[in-house]
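The structure is shown first.

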Amino acid sequence: MAMRDDIIGELESFADAESGISVESLAHTPQVTRILGHGSPEQAFHALVGIRRRNKSRDVAAAFAHIGLDRSASNVEDRLNEFALTWAERMGLPITEAPSSRTVRRWSKSGIVMLAVQLIEGSGVEPPSLHLDLLHKSPSSFIMLPSLFWMSGYEMGPARWIVIGTETHTSGEVRPEDCEEHGRGFLQPRNALEFDVGIPTLVRWTWLGETQPTYQIRHIGVPADLVTMTVHTPGGAGSVIYREGDDIDAIADLAEALDPRIEEYP
């Protein structure tokens with residue numbers, strides 16, 4: 001399950017908790033507590049109070065009322081009705097024009113999603129990262145060793161790659177579940193990837209998922225007569241290896257046609 005879905009589920013669970021959002025109930029929501037309080041329910045509670053105080057979104061305010069932060073009413077329906085009256089007063093509307101609890105519940109549903117996204121974006125949780133070593137083996141062959149650093153709960157698809165030369169190309173993918181783990185969140189394929197497609201060469205990686213990963217590319221042992229250039233594209237990154245005077249536009253155009261992002265992340 002994606003991190004966002006985990007957090008939405010944990011936020012929604014507060015609505016049924018006897019104490020609403022409290023230090024006690026936060027002890028049972030590991031994702032919210034981890035990203036807001038580094039595992040401390042007390043710190044996470046104070047962070048949520050601060051977020052609510054600074055919030056300017058109607059839907060997020062409705063969500064806080066629904067799930068019961070500093071609740072003044074004991075059940076969900078009463079809290080929704082109380083919020084409706086407060087919101088109507090703030091908008092200068094007569095009580096007769098206050099929204100129904102059903103409307104506030106709809107606002108809350110939207111607000112919980114907005115709040116979950118806000119918590120993730122402001123949490124400082126490290127995004128996944130793909131580190132790529134390109135090792136020169138012969139005049140036109142390279143060994144490619146990717147490392148996936150994936151310590152967070154973000155849901156990611158396979159890391160896809162394509163290598164394009166002047167006359168041929170090759171492609172594939174690395175699935176995290178098929179990798180070996182060399183430490184917590186440090187994954188590598190069981191075998192390095194080797195290719196020989198001639199020079200110039202374009203290498204491109206894309207790793208799509210719930211968030212945008214970072215990329216680092218390192219060239220090792222590349223002869224002095226070759227030029228390396230790191231390139232960043234929407235959703236990915238790669239490298240071009242060529243000699244001065246080579247026409248690299250043709251392989252760049254071919255890369256666009258053969259981009260491994262054919263199947264977008266669901």
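## Asp-59 and its surroundings

The side chains of Asp-59 and Arg-58 make a polar contact at 2.8 Å. The model is a predicted one. Asp-59 lies in helix α5, which covers residues 58–67.

With a relative accessible area of 12%, Asp-59 counts as buried, because the cut-off for buried is under 20%. Leaving out residues up to four places away in sequence, Asp-59 touches Trp-107, Ser-108, Ser-110, Gly-111 and Met-114.

## Aromatic pairs: Phe-142 and Phe-195

The structure contains 5 aromatic pairs. One of them is formed by Phe-142 and Phe-195, whose rings are stacked, at 5.8 Å centre to centre and with 20° between the planes. This pair links distant parts of the chain: Phe-142 belongs to strand β2 (residues 141–149) and Phe-195 to strand β7 (residues 193–196), 53 residues apart. Both Phe-142 and Phe-195 are buried.

## Aromatic pairs: Trp-161 and Trp-205

Trp-161 and Trp-205 also form an aromatic pair, this one tilted, with 6.4 Å centre to centre and 35° between the planes. The pair again connects distant parts of the chain, with Trp-161 in strand β3 (residues 156–164) and Trp-205 in strand β8 (residues 201–209), 44 residues apart.

Are these two tryptophans, Trp-161 and Trp-205, buried or exposed? Trp-161 has a relative accessible area of 9% and is therefore buried. Trp-205 is buried as well, since its relative accessible area is 1%.

Methods. Residues numbered from 1 in each chain as written. Predicted model: local features only at pLDDT ≥ 70, side-chain atom pairs only at ≥ 80, totals over all residues. Heavy atoms only, no water. Helix = DSSP H or I, 4+ residues; strand = E, 2+ residues; numbered from the N terminus. Buried < 20%, exposed > 50% of the residue type's maximum accessible area, 1.4 Å probe, protein only. Polar contact = N/O pair within 3.5 Å; in protein donor to acceptor, adjacent residues only side chain to side chain. Contact = heavy atoms within 4.5 Å. Phe/Tyr/Trp six-rings, centres within 6.5 Å; stacked < 30°, edge-to-face > 60°.
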